[in-house]
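Me: I've got a structure open and I'd like to learn how to read it. Can you walk me through it step by step?

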Amino acid sequence: MPFRWNPELTMQDITPEEYFLERRRFIKQAALVGAGAVLGLNPLTALGGESQDDTATPYEKATHYNNFYELGTGKDEPAANADKLLISPWSVIIDGAVTRPGKVSLEELLKPHAIEERVYRLRCVETWSMVIPWQGFPLRDLLRRFDPQGNAKYVAFETLLDPQHLPGQTRKILDWPYREGLRMDEAMHPLTIIATGMYGRSLPNQNGAPLRLVVPWKYGFKSIKSIIRITLTEQQPVTSWNQMAPEEYGFYANVNPLVPHPRWDQESERRIGEFRRRPTLIFNGYGDHVAGLYAHMDLSRNF
Ligand code: MTE
């Protein structure tokens, strides 16, 4: 699921009134600089993107129509089984081609001044799409703390492996744990974020708590949930869907209406909560910012 960024939003657009009390530290920080100016101060504001109606998907829909196979393959199962994912304590290992490999706890990662969280509104696409107001931080802010080495060409991500609690992991639906990967330049792009919350709240378990990747210009399966390990590698890492069905799911998975999936075309999408279909935009409308990453690649082969 890719995402769309709308620079004209105010905090009121992003955070419905009833959630104000649940806002966390980053929202408080935001308040210090004036609600409406939050996005204006964000360096990503300049990124813009093609304009579309980006009304946020209702919270109920975004949290009850999910893909999270560890919690079941039905779209409603991740919400129903959400409490089976145990997210406290949580830590993430960062290792591989970094000078200072290590493990960081969630508390450490999110303690005041450790990392600057921001507010984003992005659109996601699979065969359906949603607009989600995320909170999070650029992945690169995290990676830089561990000092990537020159031979780091890719970043591999892994989800928690816990078959005792996660019902989906007792079945061989995928080769667990769920794995994803990015090329280093994709990982270091400022639109690649680690989400820690949405709609002004903590991230619901079914949406990938407590740390989940969001890559706005790629299909949803790249957005790996509940990350416990990030490894910088020299070789292109194995990724779950590419391993499972390489002819259907490429490593790159950039949103591309010109390249049909073997079992469906990718020219249009239905926004959750709407009936009409919208034309799908190449790179989900973020081409101005990310097309350069793929300038020398044949995207019909590197799909
Ligand atoms: N991450 C894990 N660990 N397990 C999964 O099954 N599904 C992926 C992705 N991340 C998945 C995952 C797929 S196929 C999609 S479309 C998105 O999560 C769905 O995210 P959403 O439920 O928040 O919309």
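Reply: Helices (H or I, at least four residues) and strands (E, at least two) are DSSP runs, numbered from the N terminus. Here, isoleucine 132 is found in strand E4. Keep in mind that this is a predicted model: local features need pLDDT of at least 70, side-chain atom pairs count only at pLDDT 80 or more, and totals for chains, interfaces and linings use all residues. Residues are numbered from 1 along each chain as its sequence is written, and side-chain values use heavy atoms, with hydrogens and water left out.

Me: Is isoleucine 132 buried or exposed?

Reply: Buried means under 20% relative accessible area, exposed means over 50%, and partly exposed is in between (1.4 Å probe, protein chains only). Isoleucine 132 has a relative accessible area of 2%, so it is buried.

Me: How do I read strand pairing, say for strand E5?

Reply: Two strands pair if DSSP finds at least two bridges between them. E5 (residues 154-159) runs antiparallel to strand E6 (residues 179-183), and five bridges join them. E5 also pairs with strand E10 (residues 227-233) in the antiparallel sense, over six bridges. Valine 155 has a bridge partner on each: leucine 182 in E6 and leucine 232 in E10.

Me: Why is E5 largely enclosed by the rest of the structure?

Reply: Because five of its six residues are buried.

Me: What about the rings? How many aromatic pairs are there?

Reply: Rings of Phe, Tyr and Trp (its six-membered ring) pair if their centres lie within 6.5 Å; planes under 30 degrees apart count as stacked, over 60 as edge-to-face and the rest as tilted. The structure holds nine such pairs. In one of them, tyrosine 65 and tryptophan 128 have ring centres 5.5 Å apart and planes at 85 degrees, so this pair is edge-to-face. Tyrosine 65 is in the loop between helix H4 (59-62) and helix H5 (77-80), while tryptophan 128 is in strand E4 (residues 128-138), so the pair ties together parts 63 residues apart in sequence. Tyrosine 65 is partly exposed at 30% relative accessibility, whereas tryptophan 128 is buried at 14%.

Me: Which residues form one aromatic cluster?

Reply: That would be Tyr154, Phe251, Tyr252, Phe283 and Tyr294.

Me: Last one: how do I read a core?

Reply: In soluble globular proteins, nonpolar side chains tend to be buried together. A nonpolar core is a set of buried Ala, Val, Leu, Ile, Met, Phe, Trp, Tyr and Cys residues joined through side-chain atoms within 4.5 Å. The largest one here has 58 residues, and Leu139, Phe157, Leu213, Trp217, Ile230 and Leu232 touch the most other members. Among the elements that each supply at least two residues of this core are E5 and E10. Apart from it lies another core, of 15 residues, including Met130, Ile132, Val214 and Ile272.
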